Structures are given as C-alpha cells and as structure tokens.
Amino acid sequence: GGERASLSIVADACLSVVCAADVVVQALTVFEEYGLRVTDPRAILARYAGRHLAGDVAACLPFAVFARVGGAPLGVVIIGLACKLPRLGEVTFAARNAFVQHSDSVRVVTVMLQWLLLSHWFACVWYLVG
C-alpha cells in the first residue's frame with residue numbers, strides 16, 4: 001500500500017522533472033519559418049508560448065503528489081497524467097532522432113551509464129556481503 005503509493009509519487013515527480021527540462025529546451029530551440037532559421041530568443045519564446053506552453057506547463061505538475069497530499073479527486077489526477085503522455089511521446093521521439101543523428105555520442109554516453117549502473121550494483125552487493 002504505502003510503498004506502492006510512494007513509488008508512484010517518485011515516478012510522477014521524475015516524469016515532472018523530465019517534462020520541466022523539456023519545457024526549457026523547447027523554449028530555447030531554434031525553428032525555421034519561410035525557409036529561414038529563427039534564432040531570436042523573443043521570437044522563439046513567443047512562438048512556443050502561443051502554441052505549446054500551457055499544455056507543457058500542465059504536464060509538468062506532479063498530479064500524484066496533489067492526489068496524495070491535497071486529496072485531489074481521481075478524475076483530476078487521471079486528466080493530469082493524460083496531459084503528460086503527449087509530452088513523454090515527444091521527448092521519446094526527440095531522443096530517438098538524436099540517437100539517429102548523433103549515434104556515436106549516444107553510444108558513448110550509453111556505455112558510460114551502463115558502467116555506472118553496473119558499478120552501483122556491485123557496490124550494493126559489496127554492501128550486502130559486508
């Protein structure tokens with residue numbers, strides 16, 4: 001019961017952090033208009049604010065925490081979690097495109113993360129043995 005609830009809160013908080021990081025990246029990402037690359041930060045932010053900002057900010061809210069702490073109704077929590085799905089899909093799609101474009105760099109980072117995870121597991125086993 002309680003362990004499962006706290007796990008869902010942690011997972012929702014992590015997803016909210018990913019969504020918040022994506023909002024920052026999207027607000028700074030250059031776009032093309034009429035074949036020209038737009039690099040003016042105000043124009044980028046204005047375009048982003050007019051199209052995606054409200055939904056993205058809603059996706060950043062930790063709805064599981066609201067449900068647990070504030071006693072929000074289940075319907076509100078489900079709607080809030082549904083807001084996160086499109087953002088998560090877009091982040092996954094962007095990560096997949098980055099993998100294709102920069103596959104060597106991604107492979108190096110992936111190997112480094114795998115070594116970090118493996119060393120963490122060995123440290124945990126070492127701790128349990130000792």
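Which ring does the charged end of arginine 47 sit over? The ring is that of phenylalanine 31, and the charged end lies 4.1 Å from its centre. A charge sits over a ring when NZ of Lys or CZ of Arg is within 6 Å of the ring centre and within 35 degrees of the ring normal.

Before going further, a word on the model. It is a predicted one, so local features need pLDDT of at least 70 and side-chain atom pairs count only at pLDDT 80 or more, while totals for chains, interfaces and linings use all residues. Residues are numbered from 1 along each chain as its sequence is written, and side-chain values use heavy atoms, with hydrogens and water left out.

**The chain as a whole**

The protein chain has 6 helices and 2 strands, and along the sequence they follow the pattern α-β-β-α-α-α-α-α. Helices (H or I, at least four residues) and strands (E, at least two) are DSSP runs, numbered from the N terminus. Of the 130 residues, 17% are buried; buried means under 20% relative accessible area, exposed over 50%, and partly exposed in between (1.4 Å probe, protein chains only). The accessible surface comes to about 9,900 Å², with 71% of it belonging to carbon and sulfur atoms. Such areas come from the Shrake-Rupley method with a 1.4 Å probe; for residues, only the protein chains shown count as cover. Among contacts with a separation of 6 or more, 53% link residues 24 or more positions apart, a contact being heavy atoms within 4.5 Å.

Serine 16 lies in helix H1 (residues 2-28). Leaving out residues up to four places away in sequence, serine 16 touches Cys60, Leu61, Pro62 and Lys84. Leucine 61 belongs to the loop between helix H3 (53-60) and H4. Serine 16 and leucine 61 are 45 residues apart along the chain, yet their C-alpha atoms are separated by 6.2 Å.

Alanine 64 is part of helix H4 (residues 63-70). Beyond its neighbours within four places in sequence, alanine 64 is in contact with Ser8, Ile9 and Asp12.

| Residue | Relative accessibility | Class |
|---|---|---|
| Serine 16 | 7% | buried |
| Alanine 64 | 15% | buried |
| Leucine 61 | 36% | partly exposed |
| Leucine 117 | 40% | partly exposed |
| Tyrosine 34 | 80% | exposed |

**A loop and a surface patch**

Tyrosine 34 is in the loop between strand S1 (31-33) and strand S2 (36-38). Its phi is near 55°, a positive value in a residue other than glycine.

Leucine 117 sits in helix H6 (residues 103-129). Together with Val111, Trp115, Leu118, Trp121 and Phe122, leucine 117 makes a nonpolar surface patch of about 650 Å². Patch residues have over 30% relative accessible area and no salt bridge; like charges are joined within 9 Å, and nonpolar side chains (Val, Leu, Ile, Met, Phe, Trp, Tyr) within 5 Å. A salt bridge is a side-chain nitrogen of Lys or Arg within 4 Å of a carboxyl oxygen of Asp or Glu.
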